[in-house]
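Subject: Model handover

Hello,

Here is the model we talked about. Please load it before you read on; my notes follow below.

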Amino acid sequence: MTDTTLNEGKGRTLWGDVWDQYKTHKGALIGTGVFLFILFAVFLGPYIYDVDPQYLNIREKNQGPSLSHLLGTDQLGRDMLAQVLHGGRVSLAVGVIAMFISLLVGTLVGLLAGYFKKLDGPLMRLTDLFLALPLLPLLLVIIMLFRDTLRGMFGPETGIFILIVFIIGATSWMHTARIVRGDVLAQKEREFVLAAKSIGTPDRRVILRHILPNVLSPIMVSATLGVANAIITESALSFLGLGFPSDFPTWGRLLFDGANYMSLTPARVVWPGLAISLTVLSVNFIGDGLRDALDPRIRGR
Amino acid sequence: MSPVGGMQKTEGRDMLDDSAPLVKVENLKMHFPIYRGILSRRAGEVKAVDGISFEIMEGETLGLVGESGCGKSTVGRALLRLYDITEGSIEVNGHDVSTIEGEELRKLRPEMQMIFQDPQASLNPRMTVGSIIAEPLDEHTELSKSGKRAKVGELMDAVGLARHFADRYPHEFSGGQRQRIGIARALALNPKFIVCDEPIAALDVSIQAQVVNLLEDLQAQMGLTYLFISHDLSMIRHLATRVAVMYLGRIVELAPRDALYDAPLHPYTEALLSAVPHPDPSQEATRERIILKGDVPSPSNPPKGCNFCTRCPKVMDICRSEEPKWRNFGDGHFAACHLLD
């Protein structure tokens, strides 16, 4: 037998390898940079640019960008930059957390349905049921039912935050579940799963050790798309008056408010829109890079 | 690596002749249901394995040969209870494994292991070689991390892989090396019985010899018992102590290697053996091939009487109506054919 490569260092760790591969993906690096920049701007920015986003100044309404208002003002004279920065906190938090919830539910349902034949029928019919539900009426009903209880329990903003995150998560897991189930069905017929069974690996460890890592790629893809989806659904809810209170800025809310004044101050649509697009795009690139980096077959090529 | 001589094996067999069989299979049936229609009604079944019986003595290699789709691999997998068998009994090392479930079966797994056909597909592409070989240890032993690492190192030495390969992934290896990884994994728990499911079919010829020699060496060192499934008749001749020939879910002939190759009793075995080329050109020129006509019948609808009656060159009327009996013709030579009555 030939030793093709003997020049390998000892300290080869999994995450070291993953990082080495991740570094070679230019898009992912730029995406990480942009995403980090957005995170810093949104979470630390308001401390540097300490203008109150709620401060009304009717005399300076509908202004374009100027030195005193870097991104201009809205129809009530509120500073746009401050609103975009503050709104980003909620939008990002909603996007990421809702994505995690939907990913968790979707992956769990997909894995169980794909692996256990008995659960396949019931779980996939449940998924179909959720897919067939008209989303907006459902959201209306849920929000009507639970808004006040949650507000009472956690305060008006946290309460509505929990509600929105949960609702978006609970109504967007179906596609992930379907994709994961399909992939699990293919993976579980592969010989290494049979090999694991012949060793005596119990089902739960077969799933966690052999199947889950091999269906990671589609999960990654649907995760990155999920962030975008969640941010946009939150905007739609806010637009319908079901989301956060109207004086509480989020990117989606700013976008929809600004849409009415588009001909007067187009900048009001451009900035939150740009923020959403950049976030979604950078998350997509990060997901793409991660997916490549986590696959040992692509790694080191 | 030195190949183990035939002498040594013959001696081994004589010595073990009177001992109890390690694996005992009786009337094993494995039928897979076919579902059809909107209501998924059971419309029939594929009789992949249809009532076979054999024994494997400790330390021997039983070769199992037959065409593609005759049920060889199903037999191997059923023996390890990777399937829930339809009927019959399987005894491995004194334990009846045919009906046990769950934890009880899991406890017996270390005694019987499997080497798979496709070394690419049987290794998880996302695990390192070290963790693949350590998986059986994770499942069945309480070794410490360093203990596992040491054991993995020993196993890699035993199959001829360099220890520093442990941190690599399967796709970085050649086919032969991957098969060695699979062998190391199968050996990790010191099994007594290993099912080799066409372990050399996916390898190119130059590598086949390496892997076969490795399997022979390991057998000599560790006293392993193999069920060697293959369609390569010359390889079976090299490896096996006894050979079973399968056709359409049944064993048609079972005999010690030399008896089977020198004096086959069943017409199907004759036809199979006639397809093996002879290395001597003068004999090769006179070799008479028996060419079987037609296709193998569907295992979901096997012919009445003898399974082989649709293609048998020596078919008689009785073959189409009555099933031939499985009989002993002396010296451990079994066959099922009406011609021999």
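B:Leu64 has its bridge partner in β8(B): B:Ile229. Note that this is a predicted model. The strands behind that bridge are β3 (residues 61-66) and β8 (residues 225-229) of chain B, which pair in the parallel sense over four bridges.

Both strands belong to an open sheet of eight strands in chain B. The order is β6-β7-β8-β3-β9-β10-β12-β11, and the pairing is mixed. At the edges sit β6 (112-115) and β11 (327-328) of chain B, each of which pairs on one side only. A helix lies over part of this sheet. Helix α10 (residues 267-274) of chain B lies across β3, β9 (242-247) and β10 (250-256) of chain B. Against β9(B), helix α10 of chain B runs at about 105°.

Now chain A. Which helices pack against α5(A)? I looked at two pairs, with α4(A) and with α8(A).

First pair: helix α4 (residues 80-115) of chain A and α5(A) pack at about 145°, with axes 7 Å apart. Their crossing is left-handed. From α4(A), the contact uses A:Val109, A:Leu112 and A:Ala113. From α5(A), it uses A:Leu119, A:Asp120, A:Leu123, A:Met124 and A:Thr127. By class, that gives six nonpolar, one polar and one charged.

α5(A) puts in A:Met124, A:Thr127, A:Phe130 and A:Leu131. α8(A) puts in A:Met174, A:Ala177, A:Arg178 and A:Arg181. The classes here are five nonpolar, one polar and two charged.

Helix α7 (residues 156-170) of chain A has 15 residues. It reaches 21 Å from first C-alpha to last, close to the 21 Å expected at 1.5 Å a residue. Its buried residues are A:Ile160, A:Phe161, A:Leu163, A:Ile164, A:Val165, A:Ile167, A:Ile168 and A:Gly169.

Last, the contact between the chains. Chain A gives 20 residues and chain B gives 25 residues. On the chain A side, the elements with two or more residues are α9 (191-199) and α10 (203-214) of chain A. α9(A) gives the most, with eight residues. By class, the chain A side has eight nonpolar, five polar and seven charged residues.

Best wishes

Key. Residues numbered from 1 in each chain as written. Chains lettered and ligands numbered in written order. Predicted model: local features only at pLDDT ≥ 70, side-chain atom pairs only at ≥ 80, totals over all residues. Contact = placed C-beta atoms within 7 Å. Nonpolar A, V, L, I, M, F, W, Y, C, P; charged D, E, K, R; others polar. Axes fitted to C-alpha atoms, helices over the stretch in contact; angles between N-to-C directions. Expected span 1.5 Å × (residues − 1). Buried ≥ 20, exposed ≤ 12 C-beta atoms within 10 Å, placed from the backbone. Pairing = 2+ DSSP bridges. Left-handed = near helix turned anticlockwise from the far one by under 90°.
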